[in-house]
Amino acid sequence: MGQEFVLLVSASVFCIGACGFVIRKNPLIMFMSVELMLNSVNFLLITYSSFLNSLDGQIFALFIMTVAAAEVVVGLAIILTIFRTRHEMDVDHIDALKG
Amino acid sequence: MSSSWLILLFPLAGFIFLSLYGERISKALAGWIGCGVVGASFLASLVALSDLLFMPAEERVGRVHVLYQWISAASFKLDFAILVDPLSVFMFLIVTGVGFVIHVYSVSYMHDDPEYSRFFAYLNLFIFSMLVLVAAADFFFLIVGWALVGLASYLLIGFWKEKTSAVLAARKAFVMNVIGDVGMVIAAFAIFESFGTLSFVEVFAAAPGTFRPNDDQILLITLLLLVGAFAKSAQLPLHTWLPDAMEGPTPVSALIHAATMVTAGVYLIARCHVLYELAPYTMYLIAGVGVLTAVFAGTMGMVQYDIKRVIAYSTMSQLGYMFLAMGLGVYSLGMFHLMTHAFFKALLFLAAGSVIHALDGEQDIRKMGGLQKIMPLTHATFLIGALALAGFPLTSGYFSKEAIILSSYHEDMGNFVFWAIAVLTAGMTAFYIFRVYFYTFIGKTRSPEAHPHESPLLMVLPLLILATLALGGGVLGPWVDEFLGPVFGREVHHHHDGALETIALFVGIGGIVTAALLYFTGKKRMELVKEAFAPLYDLLFNKYYIDEIYDLLIVKPTKAIGAFLEEKAEKEGIDFAVDQIGFQIKEVSRGISVWQSGRVRNYALNMIAGMVVILLFVVFL
Amino acid sequence: MFDLATVFEFTRDTVILTVGITAVLASLGVILCSSPIYCALYLISHMICLALLFLLYNAEFLAVVQIIVYAGAVMILFLFIIALLGGRKEVQENSLERSIAFGLIFTLLGELYLSATVGPTKQIEGTINSEMFGTAKAIGLELFSKHIVAFELASAVLLVAAVGVICLAKFSFTPLKRR
């Protein structure tokens, strides 16, 4: 399969992730959307590592996974803390930094 | 870095130290630090002098000590440099020497002042500024020193900041000085335009080849420089600040408004003599204004009752003599008179300060009298100062003033009018200073409730030193000629003319005798004279109404314009604009702050929008 | 009539096409389901699809990591949290913001694709010449030689994350008062 297909899949998944982050209010699902975006980038890196015959892309993807894992852990801990103090899950209500 | 920099560094260090820590150290320590740095500076000046004396005369000029290059921008180059030649070393010695003596005097004089350390900090600042002025190797640092000196003068005149008159006098002095500064700055621009450099050495070397005598440009430059010189040295018509400056403490009057700062104008002309020689018209103007100021101030001094004001007018008058000498081209005579004047005028001021101190701040000579017995040392030193000022034979003032008066007739530019006015002024000088002397020291005391006493040793000692110099300073005359000769590049021809000298001598002594006659014949004669010349007396007593004329011509219209502008331009223009700017920014911010909704999703949306825009560029450009 | 290579190529393309479309559909499911639990399940299926694609593009090791770390550990974490907080359904409303978002997203998609195909990006064709490519051994050799510093830094990031989470969990915070 050619590179157009790979690019199309990756771009679509990235955009779907971005869209999900914007339209959903549940912080958990927003996080999942972020994971989608990260995964789309990973996918692109790995396919192109194969096209370019270089392992660097795969190594990069590995690091992205590591960072994503760390990010998910911290993010979920924050969500938990917010839930413990406010007892609600709507990100639109968390606007203490409003100007 | 040559050791000459130390001359400048000591007072600067003293100023910085006293302003930072002056409040925390004891009074005595603050005072002695203030004196010590000036003394050290004086010693460094002596070292610089001996350096100069050990080298051949023709190598002494144009020795620029460059610390480092400060600005180098295209054609404009500016070094951090000082010029150490006979002229500046001569000024160093006067400034630091007389300054040191006055510092020592101040230790005792200002002893009861609560803000002792501030006073010494200011004095050190003044010494530093004055040294910058005379050490400058280019017009830039000359102006820096010029302005700093004005600042120090402002701070010191207004030192007693609770006294309204002192603050007003300080403001007046500052404004007058700034008028001069503006002239100097414009002159510097004109010089840079003509020569492409500000360095003294380069400008003076290039000047004779650049201009023919009395070219427009050189006349403009010299006249603008002259504005600065006139303002700083209280020459007509920018003289009004000097008598008012006597509101400051007496040592300040002695140091700044008699011995050093006011002579800056004379120094400036001496320094720029190359330029002035290319502008004979300006020279003529200098001589004219000088002699006019001399007679003008002399007449005003004859009728004042404030002891310090009389001496202040005599300062103006003597400065007039110096300008006369400068205008005639006998620079070293002018500088010599500057030196002797620094000695005897500082002496007179300090002696007057001693009297004022003894009488608890009384300055009106009508309330003094009979101090001869109570204050013998002050009396003796004041008498020496008065004789020197009056040009009594064999005192220092005699040598310097006589020489200038003779030159005013015999030099190329001299004429009979100059000579006559100068001699007349000499007579007036003798009259008014002895009028003060008789009022103050002779006769019976006029204020029985006061209990005057001789001043402490620390105040008398400076008087004695200065008295010695004022008495014997005349012997330095030939040496000054020789020492400054290389700078001015021409020998001063000493004229001898028995008839003229005798006339001048007799006029001087006649002034003293007139004062004595009027005084000793009792009050009646004096009243008669006063009534006989009532209109003239009023005119003189009110200082020719010059303050009032300035008020009417300059201050009142300025105030009216100011009031109008405040109403229209300030409130309705600038204030409105400023308010509106603030108000509109607030409104716009309120509008924009909607974007900071605090909602993560909106931020993300904004990020995506930004990404879209950036990608538009990537794709289509 | 068919040689083996052509058949193999055709099969591979078909599989990639199918799995790729499935992955996109699964990701759509993630953002369109109202219940978080379904979202999580869709995300797991998306990740498994991606793992398959990784395999097809010579990245065996990363495919395994994807399944173990992502579909395994991370998604299990998500499911735990959902279980803890309760998988409440979310009301989806149509607002102006939402339409703007959709508009922007589709523009972005178009732009991304255009920038990838129309712009100066060139098609690159290469061949895999090593048997080892994408294996754990190859990755390990690469990782511990060329990228050792980055690797250590990544471990530091994980450590910091662990400490941060412990802090967040251990100390309670008082709610922030508005102004």
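Analyst: The contact between chain B and chain A takes 10 residues from chain B and 10 residues from chain A, two residues being in contact if their C-beta atoms, placed from the backbone, lie within 7 Å. On the chain B side, the residues that touch chain A divide into 4 nonpolar, 4 polar and 2 charged. Here Ala, Val, Leu, Ile, Met, Phe, Trp, Tyr, Cys and Pro count as nonpolar, Asp, Glu, Lys and Arg as charged, and the others, Gly among them, as polar.

This is a predicted model, in which local features need pLDDT of at least 70 and side-chain atom pairs count only at pLDDT 80 or more, while totals for chains, interfaces and linings use all residues. Residues are numbered from 1 along each chain as its sequence is written, and chains are lettered from A and ligands numbered from 1 in the order in which they are written.

Chain B itself has 26 helices and 2 strands; these are DSSP runs numbered from the N terminus, helices being H or I with at least four residues and strands E with at least two. Of the 621 residues in chain B, 51% are buried, a residue being buried if 20 or more other C-beta atoms, placed from the backbone, lie within 10 Å of its own, exposed if 12 or fewer, and partly exposed in between. Among the contacts in chain B with a separation of 6 or more, 81% join residues 24 or more positions apart.

Helix H14 of chain B covers residues 307-328. Its 22 residues reach 32 Å from first C-alpha to last, close to the 32 Å expected, where the expected span is 1.5 Å times one less than the number of residues. H14(B) is largely enclosed by the rest of the structure, because 22 of its 22 residues are buried. After H14(B) comes Gly329(B), with a positive phi near 90°.

Helix H15 (residues 331-358) and helix H20 (residues 457-472) of chain B have axes that come within 9 Å and cross at roughly 150°. Axes are lines fitted to C-alpha atoms, for helices over the stretch in contact, and angles run from 0 to 180 degrees between N-to-C directions. H15(B) and H20(B) are therefore roughly antiparallel; angles over 145 degrees count as such, under 35 as roughly parallel, 65 to 115 as roughly perpendicular and the rest as oblique. The residues making this contact include Phe343(B) and Leu347(B) of H15(B) and Leu463(B) and Leu466(B) of H20(B). By class, the contact of H15(B) with H20(B) has 13 nonpolar residues, 1 polar and no charged.
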